[in-house]
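Colleague: I have a model open and would like to learn how to read it. Can you take me through it feature by feature?

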Amino acid sequence: MTWAVVPAAGRGTRFGAPLPKQYLALAGRLVIEHSLRAVLDHPGVDGAVVALAPGDDDWPGWREVGGKPVLTCTGGAERADSVLAALHALPASLDEQQWVLVHDAARPCLHRDDLARLLELGQADPVGALLAAPVRDTLKRADDQGHSQATEPRESLWRALTPQLFRRGGLTRALEAARRAGAAVTDEAMAMERLGLKPRLVEGREDNLKITTPADLALAEFILSRSSE
Ligand code: C5P
């Protein structure tokens with residue numbers, strides 16, 4: 001059994017819209033509905049827990065999406081807190097060894113082929129895996145005054161995407177350890193790395209973008225129109 005955890009407790013302040021970005025309309029659906037359907041459409045994914053901001057009035061109250069159960073919980077101040085809350089809200093029947101897919105509510109363009117490859121390669125790895133894209137731009141390190149002081153070699157650098165796939169028990173322990181240490185972890189893989197574990201990088205499509213600005217929404221509309229062709 002594999003469940004998805006969908007952190008959706010962000011307020012999306014960078015976007016500047018009155019609604020959190022996961023509730024904006026995109027190609028006839030809400031952004032979060034695309035993200036949920038993208039993971040739940042896979043036959044190997046059995047349900048999802050969505051972490052919502054306290055007092056979230058915009059969540060449509062779905063109990064199922066695409067015929068699969070959707071549970072909710074209250075998220076936390078940081079993304080990692082929301083993921084941890086959702087891990088605790090997973091059905092008790094999902095034991096420690098079961099795989100959990102963590103997928104941002106704000107990533108509506110996940111392609112089914114990427115998800116299939118992540119599940120196949122991640123479940124064959126002792127630690128787990130994440131979708132990621134190789135860095136293509138030249139990277140500059142800035143000084144305090146905003147001048148470029150060095151160019152970083154990009155050969156071994158990747159951008160972390162979601163979904164990320166880990167076993168329920170291992171991921172819960174890794175996120176709890178990071179919280180106890182007061183370490184700010186910005187994705188699940190980082191929590192695992194802190195324990196000396198090395199998640200597998202599974203190359204994903206560049207167009208699995210995270211909605212951050214209004215331009216991203218327009219781009220996502222275009223990407224979704226092409227992926228349904
Ligand atoms: O803010 P950012 O775009 O990095 O958020 C990535 C995902 O994490 C979004 O889906 C957002 O709703 C979620 N999040 C959360 N709890 C927070 C902050 C972000 O669930 N405290």
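Modeller: Strand 9 (residues 139–142) and strand 10 (residues 148–152) run antiparallel and share four bridges. Strands are DSSP runs of E, at least two residues long, and helices are runs of H or I of at least four, all numbered from the N terminus. Two strands pair if DSSP finds at least two bridges between them. This is a predicted model: local features need pLDDT of at least 70, side-chain atom pairs count only at pLDDT 80 or more, and totals for chains, interfaces and linings use all residues. Residues are numbered from 1 along each chain as its sequence is written.

Colleague: Which residue is the bridge partner of Leu-139 in strand 10?

Modeller: Glu-152. Strand 9 and strand 10 form a hairpin, with five residues between them. In the turn, Gly-146 has a positive phi of about 80 degrees.

Colleague: Is Gly-146 buried or exposed?

Modeller: Count C-beta atoms, placed from the backbone, within 10 Å of the residue's own: 20 or more others is buried, 12 or fewer is exposed, and in between is partly exposed. Gly-146 has 6 such neighbours, so it counts as exposed. From Gly-146 to Gly-196 is 50 residues in sequence and 33 Å in space, C-alpha to C-alpha.

Colleague: Which residue other than glycine has a positive phi?

Modeller: Ala-27, with phi near 45 degrees. Look in the loop between strand 2 (25–26) and strand 3 (29–30). Ala-27 has 16 C-beta neighbours inside 10 Å, so it is partly exposed.

Colleague: Now the sheet. In what order do the strands lie?

Modeller: One general point before the order. In a regular strand the side chains alternate between the two faces of the sheet. Here eight strands make an open sheet, ordered 5-6-4-1-7-11-8-12, with mixed pairing. Strand 5 (64–65) and strand 12 (200–203) are the edges, each pairing on one side only.

Colleague: Where does the mixed pairing show?

Modeller: Follow strand 7 (residues 99–102). Strand 7 pairs with strand 1 in the parallel sense, over four bridges. Ala-4 has Leu-101 of strand 7 as its bridge partner. Strand 7 also has four bridges to strand 11 (residues 158–167), but these two run antiparallel. There, Trp-99 is partnered by Arg-167 of strand 11. Strand 11 is also antiparallel to strand 8 (residues 128–134), with six bridges. In that pair, Ala-133 stands opposite Arg-159.

Colleague: Where is the cis peptide bond?

Modeller: Between Thr-162 and Pro-163, where omega is about 10 degrees. Pro-163 is in strand 11.

Colleague: How do I read a helix against the sheet?

Modeller: Begin with the helix alone. An α-helix has 3.6 residues a turn, so residues three or four places apart point the same way. Now take helix 2, which lies across strand 1, strand 4 (47–52), strand 6 (68–74) and strand 7. The angle to strand 1 is about 145 degrees. Axes are lines fitted to C-alpha atoms, for helices over the stretch in contact, and angles run from 0 to 180 degrees between N-to-C directions. Contact means C-beta atoms, placed from the backbone, within 7 Å.

Colleague: Why is helix 2 largely enclosed?

Modeller: Eight of its ten residues are buried, so the rest of the structure largely encloses helix 2. Among the buried ones are Arg-79, Ser-82 and Leu-87. Their cover includes strand 1, strand 4, strand 6, strand 7, helix 4 (168–181) and helix 5 (188–194). Helix 1 (residues 31–40) has nine of ten residues buried, so it too is largely enclosed. Its buried residues include Glu-33 and His-34.

Colleague: Which residues come nearest the ligand?

Modeller: Pro-7, Ala-9, Gly-10, Ser-82 and Ala-105, out of 17 around it. A residue is near if its C-beta atom, placed from the backbone, lies within 6 Å. Strand 1 (2–8) and helix 2 (79–88) each supply at least two residues of that shell.

Colleague: And the whole chain?

Modeller: The chain has six helices and twelve strands. Buried residues make up 40% of its 229 residues. Among contacts between residues at least 6 apart in sequence, 71% join residues at least 24 apart.

How values were computed: Contact = placed C-beta atoms within 7 Å.
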